[in-house]
Amino acid sequence: MSHTSNRLRIMMQCALFAALTAVCSQIAIPTPWGVPINLALFSVYMAGTMLGAVGGFVSQLVFVSLAAVGLPVLAGFAGGPAAIFGLTGGYIVGFVLAALIVGFLAAHGKRTVPFLCLYMVVGCAACYLLGTIWYSTLSGNRFFASLAVCVLPYLPCDVFKILLAAVLTRALDRRLAVFRK
């Protein structure tokens with residue numbers, strides 16, 4: 001494969017995972033407090049494990065950039081600077097950090113389901129830490145009060161997303177190994 005076609009393949013993969021995150025953002029369960037439970041982090045984990053640190057980072061940077069310029073890629077077809085720089089924008093920006101961390105760990109560690117789950121938990125924690133600090137700072141709420149509102153209600157679904165992403169990553173690893181030979 002030539003250098004040019006390899007670069008094109010990588011760019012297309014990043015674009016596809018940015019699009020997958022946009023689609024997964026729309027698969028949402030509304031909540032009474034206004035921030036839906038969605039599948040966006042599932043896509044972030046998949047971007048990290050399948051594209052690696054740099055590709056995962058770039059794919060989510062593209063996603064956040066699309067949202068920042070106003071394309072309706074966020075949950076509820078939201079977008080624009082107000083969504084990115086608002087109270088919950090830190091969680092969206094955290095997608096970039098989570099994909100980078102998951103991608104780095106998955107590329108340098110064991111790719112078994114338990115280890116992949118561990119990498120995704122670390123990525124999720126980084127995303128939630130950034131988002132909660134951001135939310136606390138902008139809202140004036142204490143950190144632990146923000147954590148109780150912005151993180152704790154989402155953890156049960158995060159367990160499901162992490163397990164699903166880890167199992168799917170392993171299945172794709174086995175399938176794609178045939179093409180890499």
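Asp173 is buried, with a relative accessible area of 12%, where buried means under 20% relative accessible area, exposed means over 50%, and partly exposed lies in between (1.4 Å probe, protein chains only). The structure is a predicted model, in which local features need pLDDT of at least 70 and side-chain atom pairs count only at pLDDT 80 or more, whereas totals for chains, interfaces and linings use all residues. Residues are numbered from 1 along each chain as its sequence is written, and side-chain values use heavy atoms, with hydrogens and water left out.

Side chains of opposite charge can pair when their charged atoms come close. A search of the whole structure finds three salt bridges, each defined as a side-chain nitrogen of Lys or Arg within 4 Å of a carboxyl oxygen of Asp or Glu. In one of them, the side chain of Asp173 meets that of Arg111 at 2.9 Å, N to O. This pair links distant parts of the chain, with Asp173 in helix H7 and Arg111 in the loop between H4 and H5, 62 residues apart; helices (H or I, at least four residues) and strands (E, at least two) are DSSP runs, numbered from the N terminus. Arg111 is partly exposed, with a relative accessible area of 24%. Asp173 also forms a salt bridge with Arg170 (3.4 Å, N to O), and these two residues both lie in helix H7, three residues apart, about one turn of the helix. Arg170 counts as partly exposed, at 23% relative accessibility.

The largest pocket has a volume of about 580 Å³. On a 1 Å grid over the protein atoms alone, a pocket is an open set of points where a 1.4 Å probe fits, with protein on both sides within 12 Å along at least five of seven lines, and lining residues have an atom within 4 Å of a point. Of the 26 residues that line the largest pocket, Val35, Pro36, Asn38, Thr88 and Tyr91 are the closest to its centre. Two or more lining residues come from each of strand E2 (37-38), H2, H4, helix H5 (113-139), helix H6 (143-150) and helix H7 (155-180). The lining divides into 20 nonpolar, four polar and two charged residues, with Ala, Val, Leu, Ile, Met, Phe, Trp, Tyr, Cys and Pro counted as nonpolar, Asp, Glu, Lys and Arg as charged, and the others, Gly among them, as polar.

The second largest pocket has a volume of about 290 Å³, and of its 13 lining residues the closest to the centre are Arg9, Ile10, Gln13, Met50 and Leu51. Helix H1 (3-26), H2 and H7 each supply at least two residues of this lining, to which H1 gives the most, with six residues.

Helix H2 (40-68) and helix H4 (89-108) each supply at least two residues of the patch, and the largest share, six residues, comes from H2. Val58, in helix H2, is partly exposed, with a relative accessible area of 33%.

Technical notes. Points joined across faces, edges and corners; volume = space filled by probe spheres on them.
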